[in-house]
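Please look over the sequence and structure before reading on.

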Amino acid sequence: MLRIYPEYVPSSTRFMIRNQNDKWSNITEDLSGCKPDLPKIPIFNLMNPSTADYIQTLISEFEREHNPENAAQQKAYMRNQFEFIGLTATQRRALSKPFLAQDHLPTKAEAFQISREMWTLDEREYQLFSIDLLLKYQRKLDQEDLAHLEHIITNKTWWETVDVLAYKL
């Protein structure tokens with residue numbers, strides 16, 4: 001279930017969804033009737049609409065595959081350092097694939113903005129997605145990007161992220 005702050009949500013939001021034939025399509029969902037008692041996470045209200053849509057759609061896709069049993073095992077494996085949705089690496093990669101496809105990639109600036117927001121979420125799968133997204137720009141990184149890379153290296157760090165960052169970025 002997508003958790004939102006209703007006060008930040010416009011009355012109508014565009015989402016990407018997967019239909020029965022596993023094709024992606026746009027829909028518009030009326031969110032004017034959101035109840036304020038829903039569990040909440042910050043909505044990315046300072047972003048441009050396409051970046052917020054990208055993040056909301058990704059969160060929806062990941063949350064749709066929530067597996068509490070896997071999440072508990074993953075949390076225990078990581079010594080209770082992080083929360084998890086319960087996606088296996090194969091599931092996460094499959095769900096991420098459309099978001100990381102060349103024709104759907106955000107600009108580099110938007111990718112860093114998405115990465116920052118992913119890093120604020122509790123579930124570890126979002127940080128792993130963030131790294132996958134940044135890897136798409138590894139040949140385009142420059143001096144200005146070091147501050148963000150330093151932030152993700154020094155916050156919510158654990159061996160599985162450090163290994164990838166040290167080797168690839």
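## Surface and burial

The protein exposes about 10000 Å², and carbon and sulfur atoms supply 51% of that area. Accessible areas come from the Shrake-Rupley method with a 1.4 Å probe; for residues, only the protein chains shown count as cover. Of the 169 residues, 40% count as buried, meaning under 20% relative accessible area (1.4 Å probe, protein chains only).

## Basis of the model

This is a predicted model, in which local features need pLDDT of at least 70 and side-chain atom pairs count only at pLDDT 80 or more, while totals for chains, interfaces and linings use all residues. Residues are numbered from 1 along each chain as its sequence is written, and side-chain values use heavy atoms, with hydrogens and water left out.

## Elements and contacts

The protein has seven helices and two strands, in the order β-β-α-α-α-α-α-α-α from the N terminus. Helices (H or I, at least four residues) and strands (E, at least two) are DSSP runs, numbered from the N terminus.

Among contacts (heavy atoms within 4.5 Å) between residues at least 6 apart in sequence, 66% join residues at least 24 apart.

## Helices α3 and α5

Helix α3 (residues 89–100) packs with helix α5 (residues 124–135) at an angle of about 45°, their axes 11 Å apart. Axes are lines fitted to C-alpha atoms, for helices over the stretch in contact, and angles run from 0 to 180 degrees between N-to-C directions. The two helices are therefore oblique to each other, as angles under 35 degrees count as roughly parallel, over 145 as roughly antiparallel, 65 to 115 as roughly perpendicular and the rest as oblique.

R92, S96, F99 and L100 of α3 meet E125, L128, F129, D132 and L133 of α5 in this contact.

Note on methods. Buried < 20%, exposed > 50% of the residue type's maximum accessible area, 1.4 Å probe, protein only.
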